[in-house]
Amino acid sequence: MRLVATGQAESRAELARLSGLAASSVSLRVEQLIEAGLFAEEGAGASRGGRRPRRLRLAREAGVYLVADLGAHHARLAVADLAGTPLALSDLACDIAVGPEETLAAVLRSLHALAGEHGLRDVPVRGVGIGLPGPVDPATGQVVSPSRMPGWNDFPVRDYVTGHAGVPALVENDANLMAVGEHRGSWPALDNVMVIKLGSGIGCGVIVDGRLHRGRGAAGDISHVRILSEATVDCSCGHPDCLEAHASGAALAASLAAQGIEADNPSRIVDLVTDGVPQATSAVRTAGRLIGDVLTALVNFFNPDALVIGGSLSNAEPLVATIRGVIYERCLPLATRNLEIATSRAGRDASILGAGHLLLGVADEWIDRALER
Ligand SMILES: [Zn+2]
């Protein structure tokens, strides 16, 4: 299912080659999947004398995933096919600080409504993916000590969503989802990739040997790395001078507000930079140096093939240019010789794509159940 869903295989022969299974086993399984209504087969172009080449794809009726990528003040919602490709998208204004039950109930209501509005009400939901802007324990699906999510600490998000939606749920840190989506969508041939998410907070997801590296759950979380600075700023975690306290979108907004400039969200900061407001440009350059310093250590240590910079602040060109400059100046030549430093290609929906990809690994029991029927 995954090989067909991701477009890696379009025929029985490709499935046999990629899976290493015998052609007869693949044929039998494919026939079962077609009979169960999960695969569809379509002719591809004209026949060239011999047998007409046919193309396998997922049937539209096979199912959908519901995905929500939650930020501090909004959620990006999607109904996606089983490959993670969005079929319908919308935005929901919601304040994550009202707590988990109210937020998740509103998100699930809106996801079901979105499916209904796009004629997908009768297509079975096979899983729900939730991205959260905080550390998620992969064993329990709980958020652990998030810095700007009051009421969420230790809340069983995965159990809540599974209980209310009646299907398996995937709960993942938002930067991890972005990393998977970016890797799958734009850099599938690369083994080791770091994806930095620069928004209201600072996140990072790590792909090692082609797979998401979760560690104990907080892998890639660089927001509370201590940085050197002249002025001391206390971080929401209780320690002074974390990277996030100086260089996140929230920190930039606070520093601009102190200079009498209103910028209540990262997109507004990007607008100010684009408009050439000197205080905004100077603020993002300073942030870029701090982020670049932290990334220098990580690039030297991890030696990724690509460093992808995403999140809404990545549209601020001087920020990205400064990060790039610091890394090329300070990293070991061997670490940067073939290093790609790029801005996000999958854009704001990278997390949706990532959730879809991971869900096909998490929520797959229904496939066996469908075949038994
Ligand atoms: Zn901190």
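Reader: What is a salt bridge, before we look at R76 and D349?

Author: A salt bridge is a side-chain nitrogen of Lys or Arg within 4 Å of a carboxyl oxygen of Asp or Glu. The general idea is that side chains of opposite charge can pair when their charged atoms come close. Here we are reading a predicted model. In it, R76 and D349 form such a bridge, at 2.8 Å from N to O.

Reader: Where in the chain do R76 and D349 lie?

Author: They connect distant parts of the chain, 273 residues apart. R76 belongs to strand β4 (residues 74-80), while D349 sits in the loop between β14 (340-343) and α13 (350-362).

Reader: Why does R76 count as buried?

Author: Buried means under 20% relative accessible area, and R76 is buried because its value is 10%. D349, with 18%, is buried too.

Reader: How far apart are the closest N and O atoms of R12 and E41?

Author: They are 2.6 Å apart, in another salt bridge. This pair links helix α2 (residues 12-19), which holds R12, to strand β1 (residues 39-43), which holds E41, across 29 residues. R12 counts as buried at 18% relative accessibility, whereas E41, at 29%, is partly exposed.

Reader: And K197 with D174: buried or exposed?

Author: Both K197 and D174 are buried. Their side chains meet at 3.1 Å, N to O, joining strand β10 (residues 193-198) to helix α6 (residues 174-186).

Reader: Which residues are linked in a network of salt bridges?

Author: E10, E42, R55 and R57 are linked that way.

Reader: How many salt bridges does the count come to?

Author: The count is 13 salt bridges.

Technical notes:
Residues numbered from 1 in each chain as written. Predicted model: local features only at pLDDT ≥ 70, side-chain atom pairs only at ≥ 80, totals over all residues. Heavy atoms only, no water. Helix = DSSP H or I, 4+ residues; strand = E, 2+ residues; numbered from the N terminus. Buried < 20%, exposed > 50% of the residue type's maximum accessible area, 1.4 Å probe, protein only.
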